[in-house]
Amino acid sequence: MSNFPILKNDRFLRALNRQPIDTTPVWMMRQAGRYLPEYRATRATAGDFLSLCKNADFACEVTLQPLRRYELDAAILFSDILTVPDALGLGLYFETGEGPKFQKTVRTEQDIANLPKIDVKSDLGYVMNAVSTIRHALNGQVPLIGFTGSPWTLATYMIEGGSSKEYRHAKHMMYAQPELLHALLDHVSDVVIDYLNAQIDAGAQAVQIFDSWGGTLAHREYVEFSLNYMTKIINGLKREHDGQKVPVIMFTKGGGQWLEPMVASGADALGLDWTTPLDVARKTVAGRVALQGNLDPATLYGSPQRIQQAVKQMLDDAYSTGENTGYVANLGHGITQWVDPEHAKVFIDSVHQYQIPR
């Protein structure tokens, strides 16, 4: 049995499992981040972003910071999706103002053949150390979410060597040498299965797959090169740990048009960005999975009254089908660094104050 404290607030897990809830659970993607002055101070102490990720005490501190300010219903591990390609030997580094970059790229059959088989518990041991440290420090306050990037999203960084707007090399491989891309995605999927299972063993109580760039794909290619590999991962995950179900959330940014095939993935919940009407999404999934999202993060630039209005509209949509659970409030993507922390509080408090129709 687990040596972790008993969970005091389980409404997030209950909503993902479509069980009765007292009020709508809420958390924010990137809730530990640059919009908080205490995060910036800790990052300065750590020296740089990777040092922050790789030190369990620093990672724990920044994970807990938003929970000291806000009545959040979940904590999310502080890490980065690019820890996986970094562990595969590509040499992750960050250039000021330019985002993540890799010293090596993966563009040929030989490059793929050269990717090592890794042991995630040792090669990414610092992540598991952070998970268990955070889980103990939470003391049962709220559940802890682990996460990964999707194989397609990770592959874009590995092929391009960093962020991209056109995905020129990745899409060239997809259309000119699809068998190469499939080989890469297969390799990455196997690593991600081990990675998420290790996070679950270390104490993650739910996991999310971030498919940040799935929405850049054409409709058939999305299913072939992104969704199929996320489905493979979901099928390979431990769905129960310490006698508790471990829900899986799948989030494709720009993916609202694929809800029907996504439902068949085996995920317990689907994340939505702000371009998908929540009432339409609820009707589409018809109670087969929970939903999460989908406030435009830029809404938090508005006045408190504007934020409250937007939250009410979002929750009216969420409960428009008559279901009174199976929904987690969140932003449609990560909170941005320019948001006033007080405005984030308005968002979170407005969600909790909303009366769910019974």
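A residue counts as buried when its relative accessible area is under 20%. Leu52 has 0%, so Leu52 is buried. The model is predicted.

**The nonpolar core**

- The largest nonpolar core holds 133 residues. Phe12, Leu124, Leu270 and Phe347 touch the most other members.
- Helix H11, residues 178-202, gives the most to this core, with 13 residues.
- In soluble globular proteins, nonpolar side chains tend to be buried together.
- Leu124 touches Thr83, Val84, Ala87, Ile118, Asp119 and Tyr195, leaving out residues up to four places away in sequence.

**Helices H9 and H11**

- Helix H9 spans residues 151-160. The axes of H9 and H11 come within 9 Å and cross at roughly 115°.
- The crossing of H9 past H11 is right-handed.
- On the H9 side, the contact uses Pro151, Trp152, Leu154, Ala155, Met158 and Ile159. On the H11 side, it uses Leu181, Leu184, Leu185, Val188, Ser189 and Val192.
- By class, this contact of H9 with H11 has 11 nonpolar residues, one polar and no charged.

**Helices H2 and H4**

- Helix H2 covers residues 37-46, and helix H4 covers residues 56-69. They pack at an angle of about 170°, with axes 10 Å apart.
- Angles over 145 degrees count as roughly antiparallel, so H2 is roughly antiparallel to H4.
- H2 brings Pro37, Glu38, Tyr39, Thr42, Thr45 and Ala46 to the contact. H4 brings Phe58, Glu61, Val62, Gln65 and Arg69.
- The residues of the H2 contact with H4 divide into five nonpolar, three polar and three charged.

- Leu52 sits in helix H3, residues 49-54.
- Beyond its neighbours within four places in sequence, Leu52 is in contact with Tyr39, Thr42, Arg43, Ala46, Phe58, Ala59, Val62 and Phe78.
- Among these, Tyr39, Thr42 and Ala46 of H2 also take part in the H2 contact with H4. Phe58 and Val62 of H4 do too.
- Leu52 and Thr42 are 10 residues apart in sequence. Their C-alpha atoms are 8.0 Å apart in space.

**Helices H14 and H15**

- Helix H14 is residues 278-285, and helix H15 is residues 304-318. Their axes come within 7 Å and cross at roughly 20°.
- Angles under 35 degrees count as roughly parallel, so H14 and H15 are roughly parallel to each other.
- H14 passes H15 in a right-handed crossing.
- Leu278, Asp279 and Arg282 of H14 meet Met314, Asp317 and Ala318 of H15.
- The residues of this H14 contact with H15 divide into three nonpolar, no polar and three charged.

- Ala318 belongs to helix H15. Its relative accessibility is 0%, so Ala318 counts as buried.
- Setting aside neighbours within four places in sequence, Ala318 is in contact with Leu278, Arg282 and Tyr327. Leu278 and Arg282 are the H14 residues already named in the helix contact.
- Ala318 and Val328 are 10 residues apart along the chain. Their C-alpha atoms are separated by 9.1 Å.

**Thr148, a buried strand residue**

- Thr148 is in strand E4, residues 144-149.
- At 0% relative accessibility, Thr148 counts as buried.
- Thr148 touches Ile81, Leu154, Val192, Tyr195, Leu196, Gln208, Ile209 and Phe210, not counting residues up to four places away in sequence.

**Backbone details**

- A cis peptide bond joins Gly293 and Asn294, with omega about 10°. Asn294 lies in the loop between strand E10 (290-292) and H15.
- Arg18 is not a glycine, but its phi is positive, near 55°. Arg18 is in the loop between helix H1 (11-16) and H2. At 35% relative accessibility, Arg18 counts as partly exposed.
- Tyr167 also has a positive phi, about 55°, although it is not a glycine. Tyr167 lies in the loop between H9 and helix H10 (168-176). With a relative accessible area of 6%, Tyr167 is buried.

Note on methods. Residues numbered from 1 in each chain as written. Predicted model: local features only at pLDDT ≥ 70, side-chain atom pairs only at ≥ 80, totals over all residues. Heavy atoms only, no water. Helix = DSSP H or I, 4+ residues; strand = E, 2+ residues; numbered from the N terminus. Buried < 20%, exposed > 50% of the residue type's maximum accessible area, 1.4 Å probe, protein only. Contact = heavy atoms within 4.5 Å. Core = buried A, V, L, I, M, F, W, Y, C linked by side-chain atoms within 4.5 Å. Axes fitted to C-alpha atoms, helices over the stretch in contact; angles between N-to-C directions. Parallel < 35°, antiparallel > 145°, perpendicular 65-115°, else oblique. Left-handed = near helix turned anticlockwise from the far one by under 90°. Nonpolar A, V, L, I, M, F, W, Y, C, P; charged D, E, K, R; others polar.
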